[in-house]
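The points below are meant for a reader who is opening this entry for the first time. Please keep the structure in view while going through them.

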Amino acid sequence: MTDVLIVGAGPAGLSAAISCAERGLQVQVIDEFMRPGGRLLGQLYQEPDGSWWNGIEEAAKLQDKAASLGVELQLGISVIDLNHSDDGWMVYTSTGILKAPALLLATGAAETACPIPGWTLPGVMSIGAAQVMTNVHRVRVGMRGVIVGINVLSMAIAQELELAGIRIAAMVLPAKNMINHDAGDPRKVMQSIVRLGHLAPSPLLRLGSGLMRYTPLQSLGLHLYPKGGFKVWGIPVQLRKAAVEIEGIEKVESVRVANLSPDGNIVPGTSRSLPVDFVCMAGGLYPLAELAAVAGCPFRYIPELGGHIPLHNARMQTPLAGLFVAGNITGIESAKIAAAQGTVAGLSIAAFHQVSGTEEDLRESIQNLRITRAKASIQFHPQVAEGRQRLESIYSENFS
């Protein structure tokens with residue numbers, strides 16, 4: 001009999017499976033994708049210490065360890081519905097009904113759209129889709145493209161595309177509209193990316209990013225921002241230009257870009273067409289938490305974590321009996337943090353099953369998660385620690 005069912009075979013789900021299996025639990029992991037690893041599969045980048053992070057290799061290590069412990073992994077399965085009964089959790093999938101007393105939702109994140117006119121043309125894709133096609137399927141997404149949207153995710157993937165030999169002509173903002181309001185504001189975008197200054201490839205860029213952390217200098221920096229942008233990994237990053245329309249008849253042929261004022265308004269008479277054969281849209285990430293909502297889990301809106309988050313405590317336990325969460329469903333953070341969360345969730349599930357000797361390991365894993373978060377070289381949201389603390393306080397006040 002399965003002791004725990006895990007939905008999601010990314011870094012959080014696989015790490016949780018390993019923790020559970022190491023403590024003698026029978027574990028089943030399902031995922032709708034055809035390969036385990038989740039977002040790890042698309043990651044290939046250089047760490048600040050010069051070493052390389054190869055997500056495919058990291059995913060293989062987790063998969064091999066889980067398999068050696070007897071974890072049952074099933075791929076290509078979608079979850080349709082779920083509910084709780086006297087027998088535990090009933091999960092309705094595309095291949096049948098699965099049951100388990102404990103259920104972990106590690107469903108990850110989805111991309112936020114940043115639409116502009118022409119964004120439905122063939123050749124337009126999300127930045128995450130470009131990453132998967134390039135790093136997982138080894139498919140060239142095009143010869144010369146533009147990335148619309150400048151944020152932590154697009155900066156990381158732009159480097160990966162360049163490493164694959166795909167030329168990125170420019171990274172620009174989306175033109176402001178009801179949906180793209182913040183993503184099209186140069187000041188807000190600058191405030192979000194200066195946090196990555198320590199990862200910049202040149203000392204000059206690192207120095208400039210450090211200075212731009214000071215608010216009074218940000219206005220000056222935007223006014224003096226060069227028209228051609230700053231080159232990062234050879235890619236022009238243009239905070240003072242916006243894509244106003246993607247042009248083409250049957251497919252992408254060009255992007256019309258225009259200059260922006262420091263406040264993000266289009267400067268009249270400055271638009272021109274930039275020839276490209278593909279466009280990546282990068283609006284950021286939000287927690288993929290629909291299954292937690294279907295289960296009846298209460299939510300809170302925590303913008304520091306990326307949106308609406310299922311309530312849970314430091315043990316990754318929700319108020320619903322036997323329901324646990326881990327990874328990006330609990331807030332947008334790095335894959336390393338998701339893996340550490342998975343370990344916490346696995347130990348918490350072992351404690352739920354009253355496996356002896358897990359409480360001390362669980363306390364250590366929670367402390368290790370906090371250390372991993374503090375050392376993270378990339379944070380998608382600057383106040384993530386405050387958001388976590390607020391969420392745990394809400395849980396404590398209402399459910400402890």
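Predicted model: local features only at pLDDT ≥ 70, side-chain atom pairs only at ≥ 80, totals over all residues.

1. In helix H4, the buried residues are Val152, Leu153, Ser154, Met155, Ile157, Ala158, Gln159, Glu160 and Leu161. Because nine of the twelve residues of H4 are buried, this helix is largely enclosed by the rest of the structure. Helix H4 covers residues 152–163 and reaches 17 Å from its first C-alpha to its last, which is close to the 16 Å expected at 1.5 Å a residue.

2. The next point concerns a pair of helices. Helix H1, residues 11–22, packs with helix H9, residues 335–352, at an angle of about 35°, and the axes of the two are 7 Å apart. Their crossing is right-handed. On the H1 side the contact is made by Pro11, Ala12, Ser15, Ala16, Ser19 and Cys20, and these meet Ala335, Ala338, Ala339, Gly342, Thr343, Gly346, Leu347 and Ile349 of H9.

3. Arginine 39 is placed in the loop between strand S2 (27–31) and strand S3 (44–46), and, with a relative accessible area of 25%, it is partly exposed. Leaving out residues up to four places away in sequence, arginine 39 touches Pro11, Asn328, Glu333, Ser334, Ala335 and Ala338. Of these, Pro11 belongs to the H1 side of the helix contact described above, while Ala335 and Ala338 belong to the H9 side. Arginine 39 and glutamate 392, by contrast, are 353 residues apart in sequence and 26 Å apart in space, taken from C-alpha to C-alpha.

4. How many aromatic pairs does the structure hold? There are two. In one of them, the rings of phenylalanine 324 and phenylalanine 352 have centres 5.9 Å apart and planes at 75°, so this pair is edge-to-face. Phenylalanine 324 lies in strand S22 (residues 323–325) and phenylalanine 352 in helix H9, so the pair ties together parts that are 28 residues apart in sequence. Phenylalanine 324 is buried, with a relative accessible area of 0%, whereas phenylalanine 352 is partly exposed at 33% relative accessibility.

5. The other pair is formed by tyrosine 395 and phenylalanine 399, whose ring centres are 5.4 Å apart and whose planes stand at 45°, so it is tilted. Both residues lie in helix H11 (residues 384–399), where, being four residues apart, they are separated by about one helical turn. An α-helix has 3.6 residues a turn, so residues three or four places apart point the same way. Tyrosine 395 is buried at 7% relative accessibility, while phenylalanine 399, at 38%, counts as partly exposed.

6. Beyond the residues up to four places away in sequence, alanine 258 touches Arg240, Lys241, Ala242, Val244, Ile266, Thr270 and Ser271. One of these, threonine 270, is twelve residues from alanine 258 in sequence and 5.3 Å from it in space, C-alpha to C-alpha.

7. Arginine 272 lies in strand S17, residues 272–275, and counts as partly exposed at 45% relative accessibility. With neighbours within four places in sequence left aside, arginine 272 is in contact with Val255, Arg256 and Val257. Valine 244, which is 28 residues from arginine 272 in sequence, is 9.9 Å from it in space, again from C-alpha to C-alpha.

8. Two backbone angles deserve a check by the reader. Methionine 316, in the loop between strand S21 (307–310) and S22, has a phi near 65°, a positive value in a residue other than glycine, and at 2% relative accessibility it counts as buried. Glutamine 354, in the loop between H9 and helix H10 (358–375), likewise has a positive phi, of about 60°, although it is not a glycine. Glutamine 354 is exposed, with a relative accessible area of 71%.

Note on methods:
Residues numbered from 1 in each chain as written. Heavy atoms only, no water. Axes fitted to C-alpha atoms, helices over the stretch in contact; angles between N-to-C directions. Left-handed = near helix turned anticlockwise from the far one by under 90°. Contact = heavy atoms within 4.5 Å. Phe/Tyr/Trp six-rings, centres within 6.5 Å; stacked < 30°, edge-to-face > 60°. Buried < 20%, exposed > 50% of the residue type's maximum accessible area, 1.4 Å probe, protein only. Expected span 1.5 Å × (residues − 1).
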